[in-house]
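We will go from stop to stop, selecting residues along the way.

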Amino acid sequence: MKRISCFFMVILVLMAVTGCNPNTHSDAYEVMFEKQPQLIDDGVYLKGNRIGTVVFNNQDTVPIGQLRVSIDSSIQQLMRTNVVFYKSRGKLQLATVGGYGEPLTKETKILGFGSKASLAWFKTKYLLKNQAVFAAKKAAELHRRATTL
């Protein structure tokens with residue numbers, strides 16, 4: 001009887017461990033860059049605070065940068081269609097464009113910028129237009145190009 005209960009205990013522990021695998025990130029968002037972002041840190045930051053993690057980086061596979069980021073549950077309400085990312089000092093930073101966005105779906109691709117200056121240029125270029133819409137279109141186009149290479 002002890003063997004059977006020990007066996008079931010081992011099975012339960014193994015199920016718990018594999019179910020809580022930190023390498024599985026179904027809640028991750030894809031961020032698309034025109035070029036590989038070359039990050040030195042796997043964190044995602046907002047105003048100096050770490051709010052997430054880069055869980056995938058396709059650095060060597062294609063020239064177009066494609067990251068998958070997981071955002072902390074306490075920050076999920078910020079993940080809207082007006083969110084973009086940019087690289088600053090080798091770290092990935094969260095920013096927004098345009099006004100208040102709609103809740104972001106996991107399938108939506110997010111646009112990333114190689115620098116804060118690139119983000120500022122994008123905001124200036126689309127100053128009188130819906131920046132979030134143009135960012136989403138650009139991210140979707142980069143994703144399409146990355147998957148057809």
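A polar contact here is a pair of N or O atoms within 3.5 Å; within protein, one must be able to donate a hydrogen and the other to accept it. Keep in mind that this is a predicted model.

**Stop 1: a strand residue.** Select E30. You are in strand β1, which spans residues 28-33. The side chains of E30 and Q66 make a polar contact at 2.3 Å. Is E30 buried or exposed? E30 has a relative accessible area of 14%, under the 20% cut-off, so E30 is buried. Leaving aside residues up to four places away in sequence, E30 touches Q66, L67, R68, T108, K109, I110 and H143.

**Stop 2: the rings.** The structure holds 3 aromatic pairs. Select F122 and Y126. Their ring centres are 4.9 Å apart and their planes stand at 50°, so this pair is tilted. F122 is buried, at 8% relative accessibility. Y126 is buried too, with a relative accessible area of 16%. Y126 and F134 form a stacked pair, 4.5 Å centre to centre with 20° between the planes. F134 counts as partly exposed, at 27% relative accessibility. Ring pairs link F113, F122, Y126 and F134 into a cluster.

**Stop 3: charges over rings.** Stay on F134 and select K137. The charged end of K137 sits over the F134 ring, 5.6 Å from its centre. Finally, go to Y45 and K91. K91 lies over the face of Y45, at 5.0 Å from the ring centre.

Definitions and conventions:
Residues are numbered from 1 along each chain as its sequence is written. This is a predicted model: local features need pLDDT of at least 70, side-chain atom pairs count only at pLDDT 80 or more; totals for chains, interfaces and linings use all residues. Side-chain values use heavy atoms; hydrogens and water are left out. Helices (H or I, at least four residues) and strands (E, at least two) are DSSP runs, numbered from the N terminus. Buried means under 20% relative accessible area, exposed over 50%, partly exposed in between (1.4 Å probe, protein chains only). Contact means heavy atoms within 4.5 Å. Rings of Phe, Tyr and Trp (its six-membered ring) pair if their centres lie within 6.5 Å; planes under 30 degrees apart count as stacked, over 60 as edge-to-face and the rest as tilted. A charge sits over a ring if NZ of Lys or CZ of Arg is within 6 Å of the ring centre and within 35 degrees of the ring normal.
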